[in-house]
Amino acid sequence: MKLYTCGKCNNLLYFENSFCLSCNHSVGFDASRLELITLLPGKLHGQYSDLSENIHYRFCQNSAYGTCNWLVDENDSNTFCLACSLNRTIPILTDKNAERWKRIEAAKHRLVYSLLKLNLPIKPKAHDDDKAGLAFDFLVDVSKEKRVITGHENGLITLNIEEADEAERVKNKLDLGEKYRTLLGHFRHEIGHYYWDVLVKDDNSIDSFRNFFGNENQDYSESLQRYYTQGPPGDWSIHFISPYASSHPWEDWAESWSHYMHLMDTLETAYYFGLHVNPGEQNIAQNIGHNMNRDPYTIENFREVIESWLPLMFAVNSLNRSMGHADFYPFVIAEQVIHKLEFIHNLCRNNRT
C-alpha cells in the first residue's frame, strides 16, 4: 500500500481516511489515479473538487454508510465506485451486520487496490446469470443446518460475514489448524480462483500451470475429501506454501496467489516507508540485510522480490516475538513454492490491461 499525505497540510493519511485529522479537509480515493485526493466542497450538493486540479467528483453511494471513501467522476453515470460496483449482495444492516460489513469493505477495497496496482482486468458482472465478470455476495447463515460457505464459482465470490467477527474467525482458524486467517486473506485466496479462470483456464499458459501445480482435472471433491480425511502428505512443506495447498492444484494455485499478493502489498508498504533491514556486519553471511528501495510492482525479476521479502519477514517476525505475538508471517517459502510464485508474477505482468 502506498503512503498517502494530505494535499493541504501534508499530514499522513491512512488509505481508509475520508477526512484529514489535522486540517479536517475531506479526502477520497481516485481509483483511476491510485491517489488519495484532498477535496474542496463543490457548488452543487454532494460535489467535490480536487484541491490542486480542476477535477470534480462525488463520493461513492456507500460513503453514506461509512464503508467507502472512493470517488466517482462527476460525469460518471454510476453511483458506486469500482470496488462497490462489484457487490451483488450485502447483509441486512442491523447494528452487528453493519459493523461486520464495514470491516469486509475495508478488506475488499484493499484487495481491489492491489488488483489495480497489478493492472489486472476488473470487470463487474453485468447481471446475475452473467458467467463473465466478478461479483461478491456477503451473506448470513440462514440456520445452523444451512450455513453459508465461503468460496468462488464462475466469478461470484461468496463470503460468510461471520468471518468479520474476530472471535468466530479465530475459532475457525483454530478448529481448522490454520496459521493465518484474515478477511483480506480470504479475499486474496478466492480472487485467485477467479483469476485462474481469467488468466489460465482457456489460455496457452495451462501447460505451464500444470508443470508447477499439477493437473487440475483430478476430481476436486474427492481430492478435498481425501485431504480432510488423511491430511497433507508428510513432505508438504517442500512442495506447498500451506497444508491446504496440497489438497488440489486449484487450491495450490489459490493459496500461492494469495501469498503472492501478501508479498507484493507488504513490500510496497515497506518501500513507501523507506524501510531498511540492516542487522549488522556479524550477520552478513546470513544475507538478511536489505534496503527496500524499489516498488515491487515495478520489478520484473521475481527473484529480486523474494530477496527483499525474506529479510523483511525475519525482521518483522522478530519484532512480533518481542511483543509476545505469534509470527507476523508464519510460513516458510520453499524453493518449489518460489517457482510457483514466480510463475504467477510473470503471468500477471504478461496480462496487464
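**Secondary structure and overall form**

I counted nine helices and 13 strands in the protein chain, taking helices as DSSP runs of H or I with at least four residues and strands as runs of E with at least two, numbered from the N terminus. The model is predicted, so I kept its limits in mind: local features need pLDDT of at least 70, side-chain atom pairs count only at pLDDT 80 or more, and totals for chains, interfaces and linings use all residues. Residues are numbered from 1 along each chain as its sequence is written, and side-chain values use heavy atoms, with hydrogens and water left out.

I noted a box of roughly 65 × 60 × 45 Å along the principal axes for the C-alpha atoms.

**Burial and contacts**

I found that 46% of the 353 residues count as buried (under 20% relative accessible area; exposed is over 50%, partly exposed in between, with a 1.4 Å probe and protein chains only). Of the contacts with a separation of 6 or more, 55% are between residues 24 or more positions apart; a contact means heavy atoms within 4.5 Å.

**Aromatic pairs**

My search of the whole structure gave 32 aromatic pairs. Rings of Phe, Tyr and Trp (its six-membered ring) pair if their centres lie within 6.5 Å; planes under 30 degrees apart are stacked, over 60 edge-to-face and the rest tilted.

I checked phenylalanine 209 and tryptophan 253: ring centres 5.9 Å apart and planes at 70° make the pair edge-to-face.

Tyrosine 227 is in helix 5 (residues 220–230), and tyrosine 244 is in the loop between helix 6 (236–239) and helix 7. Tyrosine 227 is buried at a relative accessible area of 15%, whereas tyrosine 244 counts as partly exposed at 23%.

Last, I traced a cluster linked by ring pairs; among its members are Tyr194, Trp196, Phe209, Trp253 and Phe343.
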